[in-house]
Each structure stands twice: as C-alpha cells, then as structure tokens.
Amino acid sequence: MNEEPAAPMPVILGIDDLRPLPRATRIARTSIEGIQLLREHRDGFIDELWLDHDLGGDDSIMPVVTLMEEAAFSGRPFDIGTVFVHSANPIGAEAVVRALTRWNYHVRRATA
C-alpha cells in the first residue's frame, strides 16, 4: 500500500510576553528571543507569525520589526504566510502593521 507522506506541521511562531498562544509551535517572550527565533527559521517558511507590541517593561516588538524591515530592504524578506498583530496597544499595533505592510508582508490585526 502506497501511503501519502504526512503533511508537514505548520510553523506558527509567537512573540508575546504573556499570552499562551496555544496554536504556536514556538513562543519567544522578549524581543531578543524573538530575533533569535526568526533567525532560526531564516531559510524556511513560517506559516504564521503572531506579534504583540508591548513585551514587558521597556521591551517592545520593534527590534523584531526592524529585523524584518532590514531583511526586506536587502531583498531577502522572511518567508511568512501571515503576520498577525494582536496587541492591546492600538497605537503600537498600528505602527507594526504600517511598517510591515510597507515591506509587502501580509499583515492582519487580530485578537489572541
């Protein structure tokens, strides 16, 4: 009997200091961890990337956004299906959406 190979598990990454994000396959809790997580997946496809703007204390998602912008600027954007921004900070969330949309990432506001 010839069985179809199993479909690969989707790669769903989350960068959020508090939310559990049950669908995520990996979660980073700080911007530094988030940058490392994206670098680990640099050459693969990321089905979904969930971003929270405020990451506790003075930390925010903006260093991760900068990494993604720089990658797009250099002609090698991260290969991401959809970026979901799920922040309780509407001004911060809108800044993330605008910045990433400008570089042709597929971005949506969401609730997590």
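Two strands are taken as paired here if DSSP finds at least two bridges between them, and with that in mind the tour of this predicted model can begin at the sheet.

Select the five strands first: they form an open sheet in the order 2-1-3-4-5, with parallel pairing. Strand 2 (26–28) and strand 5 (107–109) stand at the edges, and because each has a single partner strand, one side of each is left without a neighbour in the sheet. On average, neighbouring strands of this sheet are turned by 20 degrees against each other, direction ignored.

Next, select residues 12–15 and 46–51, which are strand 1 and strand 3, paired in the parallel sense over four bridges; Ile15 has Leu51 as its bridge partner in strand 3.

Now move to helix 3, residues 90–102, whose 13 residues reach 18 Å from the first C-alpha to the last, close to the 18 Å expected at 1.5 Å a residue. Colour Gly92, Ala93, Val96, Val97, Ala99 and Leu100, the buried residues of helix 3; what covers them includes strand 3, helix 2 (62–73), strand 4 (80–85) and strand 5.

Finish with Arg102, which belongs to helix 3 and counts as exposed because its relative accessibility is 55%, where exposed means over 50%. Its C-alpha atom is separated by 9.8 Å from that of Ala72, 30 residues apart along the chain. Just after helix 3, Asn104 takes a positive phi of about 70 degrees.

How values were computed
Residues are numbered from 1 along each chain as its sequence is written. This is a predicted model: local features need pLDDT of at least 70, side-chain atom pairs count only at pLDDT 80 or more; totals for chains, interfaces and linings use all residues. Side-chain values use heavy atoms; hydrogens and water are left out. Helices (H or I, at least four residues) and strands (E, at least two) are DSSP runs, numbered from the N terminus. Axes are lines fitted to C-alpha atoms, for helices over the stretch in contact, and angles run from 0 to 180 degrees between N-to-C directions. Buried means under 20% relative accessible area, exposed over 50%, partly exposed in between (1.4 Å probe, protein chains only). The expected span of a helix is 1.5 Å times one less than its number of residues. Contact means heavy atoms within 4.5 Å.
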